[in-house]
Amino acid sequence: MSDFDDSFTEIENVTVVASTEKAGLFRFNDYPTEEPEWISWRHVDEGSVSKDGETGTLVITTWMARKKGFEV
């Protein structure tokens, strides 16, 4: 199995702290001791949280979820 695939993983209770044209800064609220993390929009699926201040489900590539240390 390749380290990179095109599947997606849902992570609930995530807040968009800030965003730029290229990436979003996400706070993972179920992991309050972690610092917010920048994730490139190319790894974020449509329909995911994407607006500053919005809280909901972040849908990212499974590869990125693994890289960030989430169990998938």
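**Rings and strands**

Trainee: Is Phe 26 buried or exposed?
Mentor: Buried, as Phe 26 has 0% relative accessibility. Buried means under 20% relative accessible area, exposed over 50%, and partly exposed in between, with a 1.4 Å probe and protein chains only.

Trainee: What kind of model is this?
Mentor: It's predicted: local features need pLDDT of at least 70, side-chain atom pairs count only at pLDDT 80 or more, and totals for chains, interfaces and linings use all residues. Residues are numbered from 1 along each chain as its sequence is written, and side-chain values use heavy atoms, leaving out hydrogens and water.

Trainee: How many aromatic pairs are there?
Mentor: Three. Rings of Phe, Tyr and Trp (its six-membered ring) pair if their centres lie within 6.5 Å; planes under 30 degrees apart are stacked, over 60 edge-to-face, the rest tilted. Phe 26 and Trp 41 are edge-to-face, at 5.8 Å and 80°.

Trainee: Where do Phe 26 and Trp 41 lie?
Mentor: Phe 26 is in strand β2 and Trp 41 in the loop between β3 and β4, so the pair ties together parts 15 residues apart in sequence. Strands (E, at least two residues) and helices (H or I, at least four) are DSSP runs numbered from the N terminus.

Trainee: And what about Phe 28 and Phe 70?
Mentor: Their centres are 4.9 Å apart and their planes at 50°, so that pair is tilted. Both Phe 28 and Phe 70 are buried.

Trainee: New topic: what's the strand order in the sheet?
Mentor: β3-β2-β1-β4, an open sheet with antiparallel pairing. β3 and β4 are the edge strands. Strands pair if DSSP finds at least two bridges between them, and β2 and β3 are joined by four.
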